[in-house]
Amino acid sequence: MSQPPLSDRWLGLRSWGLPGPFPHRVLTLLGRPELDLARDHKVLAIGAGRSYGDVGLNAGGIAIDSRLNDRLLGFDEATGILDCEAGVTLDTIVRVMLPRGWFPMVVPGTRFVTVGGMIANDVHGKNHHTAGSFGNHVVSLTLMSSDGAVVDCSRDHESARFRATIGGLGLTGLILSARVRLRRVVSAWMMARCRRFAGLDAFFELEREAADRYEYTVAWLDCPSAARGPVRGIHFAANHASTAQLGERPPAPPPGKPRWIPYGLPFSVVNAVSTRMLNQAYWLAHGPSEGLQPIYPFFWPLDGIAEWNRFYGARGFYQFQCVLPPEAEQAGLAELLRTCGDAGQGATLSVLKRFGTVAAEGLLSFPRPGSTFALDLPNLGERTRRLLAALEAIVLGVGGAVYPAKDANMSRALFERAFPGLDEFLSHRDAAFESSLWRRLFGTGP
Ligand SMILES: Cc1cc2nc3c(=O)[nH]c(=O)nc-3n(C[C@H](O)[C@H](O)[C@H](O)COP(=O)(O)OP(=O)(O)OC[C@H]3O[C@@H](n4cnc5c(N)ncnc54)[C@H](O)[C@@H]3O)c2cc1C
């Protein structure tokens, strides 16, 4: 876990990428005295701390830790609707429900996130083009405001508050529980395909060809290779395996114990040389293939190493994730890659995916049609922040957006332009709730 043990003392909390720690008064959800405190202090609910930047931090304020609020409350086999408290992790849901033949409709790239965190960032997965984002499958949620009032919200009841809370960055109140839709799967195996490509044209061709045939698609890019010619990458596409495809296969193995990096390293082992070597090794390890693959490494390859963020040392790292609208996606991506190359800072890990047209539920939801591109960049101080500003300028220029869950640098100008639901959202925000991201963008208002 990236958070320290539960306590009501002042503790240092970290996000997934930023150096930190940042002081917080951490309170648990047992009882409700914390919400009385909220009248004098700014509060923020926190989940598993898997957001990269400062959306899940309230430095100098109160953090209400959801993680003890972690009971599965009920499951309806007829509808596939799971009722659970907001501190339940995706890992728990998958461990309990997958052996019974059920799987969440949308999962992000780590399973160590809470339901509350997935709702607040309206997370997306590799199946956005077929299923939309997590919020599209939330049936209802129970929200507690800073005055202690508890409201059930859904598409039919308190619908405006429901839409503000999905993707609402934790600023509309405390999500106590939610009812979310799961889907049936026949096993814990995927039928997965892997193809190498060179150049963005080839990526878009693979995406076009795979979109109708595969529920899940995503590509890895060798960002440093863009400096030498057409960027190379690997395209992954998969469906849940059918009974016919499984044949006599035994059940897929459960996830192994993650490897641990026991100590926070004072220095980063990530540099230009190790980045090139890592990308080369990844390329060599993924030749063209097609076949059955266990579900855990398909969806959550990074979860195999717990606390892998420690590789970046005490300075941490930034992730930059943006979405570019369809009319500008190819040219915009080329420019983003060129800009990284010119800055001489290749990304350690780059992921590219096309979002589909399913409309997001949330007023501040990030997913929208176009290409979403994510880059992990070691924090080299001013040099990296200059690069991030240059990348943001490209996104702003083409009418794209940056993902708040991953952000630590976005400007207010971009936020206001990229999230047109902001004005409506503000009328549903709970003024006692605030995050470090919100203060960075807006000071103490609006
Ligand atoms: C390896 C890795 C891969 C990832 N892959 C993806 C991906 O594929 N797609 C994607 O969309 N994201 C991805 N993410 C980001 C991650 O899914 C989101 O940041 C998610 O919101 C983190 O959830 P959390 O439980 O850790 O919440 P935190 O990071 O602790 O908090 C996130 C937000 O949720 C709010 N929140 C938490 N609990 C509550 C509650 N009970 N009530 C109200 N608000 C609450 C917080 O206030 C905050 O605004 C990835 C992150 C990592 C580390």
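In which helix does Gly 332 lie? Gly 332 is part of helix H10, residues 329-343.

## Basis of the model

This is a predicted model, in which local features need pLDDT of at least 70, side-chain atom pairs count only at pLDDT 80 or more, and totals for chains, interfaces and linings use all residues. Residues are numbered from 1 along each chain as its sequence is written.

The average pLDDT of the chain (the predictor's confidence in each residue, from 0 to 100) is 91, and 93% of the residues score at least 70. In residues 1-6 the pLDDT falls below 50.

Helices (H or I, at least four residues) and strands (E, at least two) are DSSP runs, numbered from the N terminus. Gly 332 is buried, with 23 other C-beta atoms within 10 Å. A residue is called buried if 20 or more other C-beta atoms lie within 10 Å of its own, exposed if 12 or fewer, and partly exposed in between, with C-beta atoms placed from the backbone.

Apart from neighbours within four places in sequence, Gly 332 is in contact with Leu 324, Ile 394, Val 398 and Gly 400; contact requires C-beta atoms, placed from the backbone, within 7 Å. Between Gly 332 and Val 398 there are 7.2 Å from C-alpha to C-alpha, although the two are 66 residues apart in sequence.

## The ligand shell

The ligand is surrounded by 33 residues, and the closest are Gly 47, Gly 109, Gly 116, Gly 117 and Gly 170. A residue counts as near if its C-beta atom, placed from the backbone, lies within 6 Å of the molecule. Two or more residues come from each of strand E3 (43-46), helix H3 (115-120) and strand E10 (174-184). H3 gives the most, with four residues.

## Helix H6

Buried in H6 are Leu 200, Phe 203, Leu 206, Glu 207 and Ala 210. Seen down the axis, these buried residues fall within an arc of 120°, so they line one face of the helix. The arc is that of the directions from the helix axis to the C-beta atoms.

On the other side of H6, Asp 201 and Arg 208 are exposed. The buried residues pack against several elements, including strand E11 (189-198), strand E12 (216-222) and H10.

Note on methods
Contact = placed C-beta atoms within 7 Å.
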